[in-house]
Amino acid sequence: MDPFDSNNSERASLPRNMIENSMFEEEPDIVDLAKDSTAYPTFPTLDPDEVVYEPRSSRLLVRGLGENDVDDDEEDCESSARLLGMSFMNRSSAQRSNSSPYARQTAPRSCSPPSARTTVVCVLFLVIVASMTMVLYFLPGCTFTKKGCPKPDNKTSNGTDGELFPWAQFQLPRSISPLSYDLTLSPDFDNMAFTGHAVINMSVLHNTKRIVLHSANLNITKATFKLGDGDASEVAILEYKPRQQIAVKFSEDLKAGQNCVLTLDYTADLSHAYNGFYNSSYTDEVGHKRVLAATQFEPLYARMAFPCFDEPSFKATFKVKINRKPEYMALSNMPKVKTTSLANGLMQDEFAKTKVKMSTYLVAFIVGNFTPTSKNVSDILVSVYSVPEKKNHTDYALDTASKLLEFYNDFFDIKYPLQKLDLVGIPDFLAGAMENWGLITFRETTLLVGTKSSPLEKQVVASVIAHELAHQWFGNLVTMSWWSDLWLNEGFATYMQYMSLQTVLPQLDIGNLFLAMRFRAMDKDALNSSHAVSTEVNTAEQVEEMFDSVSYEKGASILLMLNASLPGDQQFRKGIIQYLKQFSGLNTDTDDLWNSLTEVEVPNQHPNVSEMMRSWTYQKGFPLVTVSRKGDQVTLTQEHFLLKSDNTSHSSSMWTVPVTYVNDSCSLSPECAQLFTLSTKSGTLKVPESVKWLKLNYRNTGFYIVDYGDEGWGALRDALSNNFEVLTQEDRASLIHNIFSLSKLGRVSFRQVLSLLNYMPNETETTPVREALLQLNNVYHLLHKRYEQGLVTRMKLYILNHFGALMENQTWTKEESVSKQELRSALLETACYLGEEKCMQQAKKQFKKYVDSNGTTQIPGDLQRVVFSVAAQSVDDWGTLLTMYQYATYDSEKEKMLQGLASTQDTPSIIWLLSAGLKGNIIPTQELPLVISTVCRSFAGNLFAWDFIQENWNQLIEKFPVGSFAIQRIIKSATSQFSTQSHLNQVQSFLSSLKERGSQLRSVQEALETIRLNQRWMERNLPSFHKWLRSRDFSQDR
Ligand SMILES: [Zn+2]
């Protein structure tokens, strides 16, 4: 999937063992444990907190017995009665499943030996209570209730209605494995609902008395079960809603090796959010509302469309049939094999059975009106689908997808395994895109570009296509076993997206974007709330939260670092090919990848890949490498680069760091870079005494930050002042990023930061300018949000003085180079944001021309945002822009108009925008995270947005799942610019009040940590900042 943009998450070994063990051992039998618990209501001495008596719900059973949720510390050796209860439970569970790794084995802690009298009393008590318990054990739980025991009936029972649900884990038992699904779905747009018929063929891997699978919001109307060649018979379905699981219980064991079939009929509403089988609508060019239904199953939503084993390791084949009205069309992963007319006037499209086994999250189907443009590429039919009126916006995507498909076929040395590849632009879609096998879905802005679109817009489209196509191998063909290793999908697809485009479409200058992305990944990974790339995942929210910059961007960054440090340019590729071939059609974990890469490496030339990379995937954060030099001796020392908002002790994490370095005698070409592997706390390398300066982390391909010490920084600053082109632009950007990071860490003063930036008026390249502007703008925003008006004005002057000449040099006409577009949009957006007069005038002029020509005069794509943002500052033009937004069909332009609208400082307009985004009629709800993040740039906007989020939290999490990247983005944009204690208190008080609605999220911890860090940075720098800014005239600072 491609999105837009503190718990201690150190890897714990237990869950991994649990997953692996569960592959081989029979699971705990919650049914019997539950029977035990039915005896408890009359058991007088049990702690009432331990077991809740009424109602006898599956929630009780799961909470009370299924999980290891009773802390050992709570056990009290002195309480004989309690000990008795526990030992009875343990004994009976031990009899039932000797090898279960899950059953709570509560070894009593050492108690002082009891006296003889105590022993006698205890034994007597034990006998009495055991006898009572035995009697109760054989009585049904209903015996003591007012209602008495109900007569048995054959109706579907609901776990929450009183039946015992036979499973209490987040992950499903491994005793049953699905082989194939036959699915028939009939969406009904009149009622926004659908019916489904699912036939699931399964194989029994271990003897078991139950089948447990997923289902969410499905109303199952009929269920039959057939074992081997036997007859099908109706079965009761139990449901445990909190975990979205359903189950069938059997009185006899299903035996290992048997095959069985579960057939389920069900009805459900089409989802109103962006997941599951959801309905979507758009207004066509003649103003008619059009409806469609599409799917988004990753990560946990296939279960909303059909009952299934909804985990990535349960791969199976799928055969899909869709019943639709004749005026619609349907698409699925596989090509359509036939269409038949049904008696009820509907048409049935039947799609070929998948040739390959796939995970449920990759299944997809769409019903609506779409038109394709197609092309044959190496015997694969590649088609780009759009709504009919946007058909002429599909050519670029088709051409790019074709080129990339050929590239990947060759690069991976494995041919794309399906006969067709569809790319579909969905009018209302939350993520950037989703890699469903053979049927990739996109936002329209990430797929469709018109003939007039700018290279920068093409860069977005090409990047997303390259990412999703890479998934067809990384993720679809070889899939992570569990969400804890999501980075194997996302880190790889992200790395491949940059790597492939550098080869296939070099004119897109994708390298700049990749570098900026690595800086942002480091910023996030420097926080204590970050997590290891491969990390434990045990709840739905934790699964959602894995879709973050650590899985995507850090994952991609460490792959780049590895590739850059391997000898030769084919080693990495060979390892990847070996990995894909060895695990084709299977599931893997992180070690499988490192092992494949280790096997092909050249011995004696490189540290062991597996050893090196494990240090990057199994611990959070990254190293700070400190350089100290005495003559020809250079000592490198590593420590965890951890931004600390409190006085927590330093972590002892260590990495195997492939340190690259260049010096003043040779610093530009790749041949200049030398490699030193730092795998211990410190290491020493030698350089000629004549070397004036060293720059580590050549072109910033490594995931670490370098502190050169006062002398080292001084030498680099002088080198840049003399001739900044002595370093590559990536190295210059890397120095800028590193020194700002060190300032956040408190290692260098802000004055040192600004003194490195003294060379900036000479800088002309995109990456260093953009990085410097971004960092300075961050400081500006912090000051602005604290209402430090004096400093804000000075800061503005500083930026305009340092970048003014470059800003003035920018043109407002069409520009073909992506890199120049990136440079000019960053400069002009800052200039106009800071109210620079010439910039404002130009932007207003462009807008007027655009309005006067009724939108026929084109504003260059990279300048649309700045032009619309300036226009939106006038109330009249804001209204004009809103009207234009409503009628615009060209998606990329429409998005920029929305950003313009959201940059207004006018309070009623801000309030209107936020609520319109939530309603979703004029501004699609998918755009709400973008609206919020843009609104938050202004002082008033940030406060209104924060209030809005607090007031509408429940509605927000209805639209965007708790933990999803949309929620992550919303929290981050609203809180990341706060730096005062009162803001911290407010944010803390609101977020902690959310409880299960979000307070446990990593993004919540990140938000609080960020405010504390901002606060600390301000406390540390504000006094000298005031002094420094007052004492110096910035215009003389060059
Ligand atoms: Zn992805």
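Is Lys209 buried, partly exposed or exposed, and what is its relative accessible area? I looked this up in the model, which is predicted. Lys209 comes out as partly exposed, with a relative accessible area of 39%.

**Salt bridges**

I searched for salt bridges and got 33 in the structure. I noted that Lys209 forms one with Asp253, with 3.7 Å between the closest N and O atoms. Lys209 belongs to strand 3 (residues 208–214) and Asp253 to strand 7 (residues 245–254), so this pair ties together parts 44 residues apart in sequence. Asp253 counts as partly exposed, at 29% relative accessibility.

I then took Asp632 and Lys686, a salt bridge whose closest N and O atoms are 3.8 Å apart. Here Asp632 is in the loop between strand 23 (623–630) and strand 24 (633–640), while Lys686 is in strand 27 (residues 682–686); the two are 54 residues apart. I read Asp632 as partly exposed at 24% relative accessibility and Lys686 as exposed at 58%.

I also checked a pair within one helix. Asp852 and Lys848 both lie in helix 21 (residues 837–852), four residues apart, about one turn of the helix. Their salt bridge has its closest N and O atoms 3.0 Å apart. Asp852 is exposed, with a relative accessible area of 57%, and Lys848 is exposed at 54%.

I logged one network of salt bridges, which links Lys319, Lys338 and Glu350.

**Rings**

My search of the whole structure for aromatic pairs returned 48. One of them, Tyr181 with Phe318, is stacked, at 4.7 Å centre to centre and 0° between the planes. Tyr181 sits in strand 1 (residues 176–188) and Phe318 in strand 11 (residues 317–324), 137 residues apart. I found both Tyr181 and Phe318 buried.

Phe740 is in helix 16 (residues 729–745) and Phe750 in helix 17 (residues 750–756). Phe740 is buried, with a relative accessible area of 3%, and Phe750 is buried at 3% relative accessibility.

The charged end of Arg573 is over the ring of Phe411, 5.2 Å from its centre; that of Lys894 is over the ring of Tyr885, 4.9 Å from its centre.

I traced an open sheet of three strands, in the order 26-25-28, with antiparallel pairing. Strand 26 (674–678) and strand 28 (694–696) are its edge strands. The twist averages 35° from one strand to the next. Strand 25 (residues 657–663) pairs with strand 26 over five bridges, and I noted Val659 opposite Phe676 in strand 26.

Note on methods
Residues are numbered from 1 along each chain as its sequence is written. This is a predicted model: local features need pLDDT of at least 70, side-chain atom pairs count only at pLDDT 80 or more; totals for chains, interfaces and linings use all residues. Side-chain values use heavy atoms; hydrogens and water are left out. Rings of Phe, Tyr and Trp (its six-membered ring) pair if their centres lie within 6.5 Å; planes under 30 degrees apart count as stacked, over 60 as edge-to-face and the rest as tilted. Buried means under 20% relative accessible area, exposed over 50%, partly exposed in between (1.4 Å probe, protein chains only). A charge sits over a ring if NZ of Lys or CZ of Arg is within 6 Å of the ring centre and within 35 degrees of the ring normal. Two strands pair if DSSP finds at least two bridges between them. Axes are lines fitted to C-alpha atoms, for helices over the stretch in contact, and angles run from 0 to 180 degrees between N-to-C directions. A salt bridge is a side-chain nitrogen of Lys or Arg within 4 Å of a carboxyl oxygen of Asp or Glu.
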